[in-house]
Amino acid sequence: MINVFWFRRDLRLHDNIALFHALKNDEAVLPIFIFDTHILSDLKNKKDKRVDFIHQSLQKIHEKLIAAGSSLYIVNDTPQKALEKITQEFAVKAVYANHDYEPSAIERDEKLAKYLQSKNIAFHTFKDQVIFEKSEVMKADGTPYTVFTPFSKIWKQRLHENPIITFESEKLIENFIKTSPYKFPSLQDIGFEKSELIYPDPEWNEALIKKYHDTRNIPSIKGTSLLSVHLRFGTISIRKLVKKAVVTSEQWLNELIWREFFMTILYHFPHVVKNSFKSKYDKIEWRNNEQEFKAWCEAKTGYPIVDAGMRELNETGFMHNRVRMIVASFLTKHLLIDWRWGEAYFAEKLLDYELSANNGNWQWAAGSGCDASPYFRIFNPEEQTKKFDPEEKYIRRWVKEKYAPIVEHKFARERCLEVYKKAVKE
DNA sequence: TTTTGAGTTGTTCGA
DNA sequence: GTCGAACAACTCAAA
């Protein structure tokens, strides 16, 4: 009998909880990854940077496994069919994986758990990608928080009561199954091509995090950690990051807590995927002008800070956090385009795309979310530029051509206030 | 149950 | 140029 470890969004060998539990048993462990054809077929761009990133991360794991006399088993299929195949090929005692909290992942895992149970195979899952999950940080009355500050207070209290333990999974590498190497598929084998992917190594930058509070809002400085993509795919351990954040930067620790706050919100309020967290904001009469949306996507709004951000996104798959807020406010409030359109565009383009954070932040910008920005708070792109990019270094880095403003600020602001007021009053 | 204090990230206006 | 108030009034969390 063997055990199976299924890599999902935890693409690392070190400090991986489910992997640790799989490897500490007597049975040899077969490491697998499934390129889910349900998900891949939805990706329009065959040079998707995220697929490339996953592919590269798997390659690194594969090489380490080969060095240990083992091999990564990769299947290109639906998870259901992939597991059927594997359980036919091997005598599987149990499947190990880490929790995944998105609504579609929960549904997938529930179905697979039933299937595995019917085959008498255990399905062991563990908390790994967060410090506190699901219902671990709740109000005294047992209901979930919908405001960040009290959530973060209790989160920190819980952390204090439960010191972080890391898991030395990499030291158990000898317990992987010994095999001759399985074929490692190329990007072409799974229907994709090499992208122009550039991403930072998952390195902790102590000096940067110490200055984080002062420099994080300046888009021309590389003042943000750039670790989001590694958190997204689990190429870095959240436990190791939080341990360091606690002693380095309260501000940065808060950003990690925001990540868990939005994950908790999505878990308890899955309706936010399609609808406003606060239902009255679903009454907003969006203009949804297709040409204007196209101009926003293509970085042709005529507002340099907005266009710079969109250009950065289109070219790199990343956008500085301050600029994300500015372009989101511009789309929803200046152009009165449904936040879901913007959310979908970010989902397609962002290398660090994460449903919970993307949805939470878009709803924050649109004013429709929990703990959201009040609707009358409308970013003025010029004021934001004066404050955060006064020498226009960031703008000049990304904007080559100038366009006439798509809409006049004062007019757009007043129009937005009227439309929102009407929706909220009804 | 009622009350009280507080709530990521702003802008504009007028003194 | 700087500063404080208004924006509009609501909802949440906790005592």
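**Exercise 1. Determine the handedness of the crossing of helix 12 and helix 13, and describe their packing.**

*Solution.* The crossing of helix 12 and helix 13 is left-handed, a term for a near helix turned anticlockwise from the far one by less than a right angle, clockwise being right-handed. Helices (H or I, at least four residues) and strands (E, at least two) are DSSP runs, numbered from the N terminus. The model is predicted: local features need pLDDT of at least 70 and side-chain atom pairs count only at pLDDT 80 or more, while totals for chains, interfaces and linings use all residues. Residues are numbered from 1 along each chain as its sequence is written, with chains lettered from A and ligands numbered from 1 in the order in which they are written.

Step 1. Helix 12 (residues 304-316) and helix 13 (residues 321-334) have axes 9 Å apart, at an angle of about 115°. Axes are lines fitted to C-alpha atoms, for helices over the stretch in contact, and angles run from 0 to 180 degrees between N-to-C directions.

Step 2. The two helices, helix 12 and helix 13, are therefore roughly perpendicular to each other (under 35 degrees is roughly parallel, over 145 roughly antiparallel, 65 to 115 roughly perpendicular, the rest oblique).

Step 3. Helix 12 contributes Ile305, Val306, Gly309 and Met310 to the contact, and helix 13 contributes Val323, Arg324, Ile326, Val327 and Phe330; contact requires C-beta atoms, placed from the backbone, within 7 Å.

Step 4. This contact holds seven nonpolar residues, one polar and one charged. Ala, Val, Leu, Ile, Met, Phe, Trp, Tyr, Cys and Pro count as nonpolar, Asp, Glu, Lys and Arg as charged, and the others, Gly among them, as polar.

**Exercise 2. State the strand order of the open sheet and identify its edge strands.**

*Solution.* Step 1. The five strands are arranged in the order 3-2-1-4-5, with parallel pairing; strands pair if DSSP finds at least two bridges between them.

Step 2. Strand 3 (73-77) and strand 5 (122-126) each pair on one side only, and are the edge strands.

Step 3. Strand 1 (residues 2-7) pairs with strand 4 (residues 92-98) over four bridges, and Phe5 stands opposite Tyr96 in strand 4.

**Exercise 3. Describe the residues around DNA strand B.**

*Solution.* Step 1. DNA strand B is surrounded by 18 residues, the closest being Phe148, Thr149, Asp371, Asn380 and Glu383; near means a C-beta atom, placed from the backbone, within 6 Å.

Step 2. Helix 6 (148-161), helix 15 (355-366), helix 16 (381-388) and helix 18 (409-425) each give two or more residues to this surface.

Step 3. By class, the surface near DNA strand B comprises eight nonpolar, six polar and four charged residues.

How values were computed:
Two residues are in contact if their C-beta atoms, placed from the backbone, lie within 7 Å.
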